Amino acid sequence: QVQLVESGGGLVQAGVSLRVSCAASGGSFSRLAMGWFRQAPGKEREFVAAISRSGVYTYYAESVKGRFSISRDNADNTVYLRMNTLKSEDTAIYYCAAVWADLSGRYYTTADVYRYWGQGTQVTVSS
C-alpha cells in the first residue's frame, strides 16, 4: 500500500512562488507515475501536472503551463510541484496522486486512473 503525504502549502501573495512536495512510502517509487491535481471551493477536482516514472516526460494543464513545474527525486521518493507567478485562481487544495506504470515514459492526466491519493495541502493566493 502506497502512502502519500503532501506538504509545503500555505498562504502567499499573488506573484510569488511556492513549492509543494509529496513524499511517498510503502512501494517502489520509481515504478509509480505521479500527478498533481487541485480542487478549488465549489469546483471539481482538476488535473494540474503529471510526470512519468523516469521523470523525463511531463505534462501540464493549459492553465498552469509555463508557470508550474513538476519534478521528482526517485532516490528520495518525492515528487515536487514548483508554482511560479501564482494567481488568486490557483487557490485550491493540491493533491498528489500515484499509479503503477508499466512503461517508464507513461504519464496520466485523468483522476480515475490514479490509485493512490494524498490528503492534500491547502494553497491560498491572496490578490
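Predicted model: local features only at pLDDT ≥ 70, side-chain atom pairs only at ≥ 80, totals over all residues.

Me: How many disulfides does the structure hold?
Reply: It holds one disulfide. The S to S distance between Cys 22 and Cys 96 is 2.1 Å.

Me: OK, new topic: salt bridges. What's the general idea?
Reply: Side chains of opposite charge can pair when their charged atoms come close. In this model the count comes to four salt bridges.

Me: Which residues are linked in a network of salt bridges?
Reply: Arg 38, Glu 46, Arg 67 and Asp 90. Within it, Arg 38 meets Glu 46 at 2.5 Å, N to O, and Arg 38 also meets Asp 90 at 2.9 Å, N to O.

Me: Where do Arg 38 and Asp 90 sit in the chain?
Reply: Arg 38 is in strand β4 (residues 32-39), while Asp 90 is in the loop between β8 and β9. They are 52 residues apart, so this pair links distant parts of the chain.

Me: Why does Glu 46 count as partly exposed?
Reply: Because its relative accessibility is 34%, and partly exposed covers the range between under 20% for buried and over 50% for exposed. Arg 38 is buried, with a relative accessible area of 5%, and Asp 90 is buried too, at 0%.

Me: What about Glu 62, which residue does its side chain meet?
Reply: Lys 65, in a salt bridge of 2.7 Å, N to O. Glu 62 is exposed, with a relative accessible area of 62%, whereas Lys 65 counts as partly exposed at 44%.

Me: Which ring does the charged end of Lys 65 sit over?
Reply: The ring of Tyr 59, 5.8 Å from its centre. Elsewhere, the charged end of Arg 45 sits over the ring of Tyr 95, 4.0 Å from the centre.

Me: Tell me more about Tyr 59. Where does it lie?
Reply: Tyr 59 lies in strand β6 (residues 58-60), and it counts as partly exposed at 36% relative accessibility. Together with Val 56, Tyr 57 and Tyr 107, Tyr 59 makes a nonpolar surface patch of about 400 Å².

Me: Which aromatic cluster is it in?
Reply: One formed by Phe 37, Phe 47, Tyr 59, Tyr 107, Tyr 108, Tyr 114 and Trp 117.

Me: And how many aromatic pairs turn up in the whole structure?
Reply: Eight. One of them is Tyr 108 with Tyr 114, an edge-to-face pair with 6.4 Å centre to centre and 85 degrees between the planes. Both of those tyrosines, Tyr 108 and Tyr 114, are buried.

Me: Why is the pair of Tyr 114 and Trp 117 edge-to-face?
Reply: Because their planes are at 65 degrees, with the ring centres 6.2 Å apart, and edge-to-face means over 60 degrees. Trp 117 is partly exposed, with a relative accessible area of 27%.

Me: Last one: what's the phi of Asn 77?
Reply: Near 55 degrees, a positive value in a residue other than glycine. Asn 77 lies in the loop between β7 (68-73) and β8 (78-83). Thr 85 has a positive phi as well, about 45 degrees, and Thr 85 lies in the loop between β8 and β9.

Notes:
Residues numbered from 1 in each chain as written. Heavy atoms only, no water. Disulfide = S-S within 2.5 Å. Patch = residues over 30% accessible without salt bridge, like charges linked within 9 Å, V, L, I, M, F, W, Y side chains within 5 Å. Areas by Shrake-Rupley, 256 points an atom, 1.4 Å probe, with all protein chains shown as cover. Helix = DSSP H or I, 4+ residues; strand = E, 2+ residues; numbered from the N terminus. Buried < 20%, exposed > 50% of the residue type's maximum accessible area, 1.4 Å probe, protein only. Phe/Tyr/Trp six-rings, centres within 6.5 Å; stacked < 30°, edge-to-face > 60°. Lys NZ or Arg CZ within 6 Å of the ring centre and 35° of its normal.
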